[in-house]
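We will go from stop to stop, with something to pick at each one.

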Amino acid sequence: MHSPQHRPTPRRRFLRSAAALAAAPWVVPASAIGADGSTAASDRITLGFIGVGCMGRGHLRHFLQYPEVQVLAVCDVDAWRLEDAKTTVERKYADARASGAYRGCAAYVDLRELLARADIDAAVIVTGDRWHAVATVMAVESGKDVYVEKPLCLTIAEGRAMVEAVRRHGRVCQVGLQQRSGREFRIACQLVRDGALGKIDRVYTIFNQPSIDIQLPAEPVPPTLHWDLWLGPSPWRPFNHRFHYLGRPLNVVPWEFCRDFGNGGMSSGGVHAFDVVQWALGMDASGPVEVIPPEAGLFPDLTFKYARGELLHVTDGRLDSRRHAIPKGWDPSTPIQAFGAVFVGERGWIHVGRNGYLTSHPAEIVRDLPGRYDHLLAVQDHHADFLKAVRTRGRPACDVSIGHQSTILPILGCIARWTGRALKWDPSREEFVGDDDANRMRQRAMREPWRV
């Protein structure tokens, strides 16, 4: 339960320290009106960043490369990350000015203060999963477009609320499933949809671990971390360093193992693969009709069944003849590519993954090899697609409704693993068939004052 004594870092004191970062005067350069040949301020897309940890820092640096973008504000509950992001923005803009000076990026600890600004067009939300739904709904309610990291949400009910809020307010929402902008994935999914493999029988991916319910001992809250805002809508828990690595972020998702904050590797990593499968099978507006955990004893792996009969098996990483039907031409020593998939049909198979990985059997199925894959280019293309949608008011490559359907799969997988039984799923109603216990897991209570 939440109570005032669980706020070891006073918000007013913390906000004062953050405000000091943004207290310098804002000098308007010639570039603000396009006098130096740059994009005029009236034509720029202004951004505010909510969450500037590992992934957030990367997105910030990418978006700063676009001349049509102006980053006006950053927000984080970790003081080191907040100052680092503000410094990154101001150094970038200062380097482009003859004066070599720029002090126009505000820094906030509370996302509500950033979202209250009418001069910000879009919010880039790169928080932990627990915050995605609340931050997105608040952003679109304030009239802002959104780029939100994957997975879209923590629960199925949150995802549906996000879709409805985006539609109700007429906003653009791109989900950070950037493989939608990767060339090899476009080729593979198009070949599957065009019937190059004939009827699809089964698909293999990896990442099958759900999160767990775990209690960690309380540790003192660092004075540079606003723990209450870090928790946000999640149930109150005492601080433990395993949930948040203070300061400079590591290339990990430290909190994903805890059920209150994430859905494990099945969601944080597996959602990329699930998205590719949904895309290739033409299921962007639907999904599977049954999810069967290995605990049910019907399949050795977590398995999803689609209405047309396709089976999606979520494996440990390799195909084993003792557990799997090995497709013709497959080398069992080949690892299934992370974030990718193996599509097996009546005419052969296609295996796609990052780093330019695209193979098939027979080999001639893959007619147009994509060449070396550039992960950073795929991210940039995804950003460019978002900015185009903001300008044109069209749907982006991974619109919120697509991201919602793809994120449902790892949530279904977690619920099946947690209950240990096979579950029937109605994708049109987004509910389990005849299972009240599983249906209650589609949503979670949120801690006050947060809501969607």
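**Stop 1: the sheet**

Nine strands make an open sheet of mixed pairing, in the order E13-E12-E11-E7-E10-E9-E8-E14-E15. Helices (H or I, at least four residues) and strands (E, at least two) are DSSP runs numbered from the N terminus, and two strands pair if DSSP finds at least two bridges between them. The edges are E13 (357-361) and E15 (431-432); each has a single partner strand, so one side of each is left without a neighbour in the sheet.

Before you select anything else, a word on the model: it is predicted, with local features needing pLDDT of at least 70 and side-chain atom pairs counting only at pLDDT 80 or more, while totals for chains, interfaces and linings use all residues. Residues are numbered from 1 along each chain as its sequence is written, and side-chain values use heavy atoms, with hydrogens and water left out.

**Stop 2: along the strands**

Select residues 348-353, strand E12, which pairs with E13 in the antiparallel sense over five bridges. Here Trp-349 stands opposite His-361 of E13.

Now move to E8 (residues 290-292) and E9 (residues 302-305), an antiparallel pair with three bridges. Show Val-291 and you will find Phe-304 of E9 opposite. On to E10 (residues 311-314): four bridges join E10 to E9, and the two run antiparallel. Lys-305 has Leu-311 in E10 as its bridge partner. Five residues lie between the strands of this E9 and E10 hairpin, and Gly-309 there takes a positive phi near 105°.

**Stop 3: two helices**

How do H7 and H10 lie relative to each other? Select residues 183-193 (H7) and 270-280 (H10): their axes come within 8 Å and cross at roughly 40°. The axes are lines fitted to C-alpha atoms, for helices over the stretch in contact, and angles run from 0 to 180 degrees between N-to-C directions. H7 and H10 are therefore oblique; angles under 35 degrees count as roughly parallel, over 145 as roughly antiparallel, 65 to 115 as roughly perpendicular and the rest as oblique.

Show side chains where Phe-185, Arg-186, Cys-189, Val-192 and Arg-193 in H7 meet Val-276, Trp-279 and Ala-280 in H10.

**Stop 4: the cores**

Next, colour the largest nonpolar core, which has 123 residues; Phe-49, Phe-63, Trp-230 and Phe-304 are among those with the most contacts inside it. Such a core is a set of buried Ala, Val, Leu, Ile, Met, Phe, Trp, Tyr and Cys residues joined through side-chain atoms within 4.5 Å. Buried means under 20% relative accessible area, exposed over 50%, and partly exposed in between (1.4 Å probe, protein chains only). Helix H12 (residues 400-419) gives the most to this core, with nine residues.

Centre on Phe-63: leaving aside neighbours within four places in sequence, its contacts (heavy atoms within 4.5 Å) include Leu-47, Phe-49, Tyr-147 and Phe-386.

**Stop 5**

Most residues other than glycine have a negative phi, and most peptide bonds are trans. Select Lys-150 and Pro-151, joined by a cis peptide bond with omega about -15°. Pro-151 sits in the loop between E5 (145-148) and H6 (156-168).

Then find Phe-339, not a glycine, yet with a positive phi of about 70°; Phe-339 counts as partly exposed at 22% relative accessibility. Finish at Glu-430, whose phi is near 55°. Is Glu-430 buried or exposed? At 9% relative accessibility, Glu-430 counts as buried.
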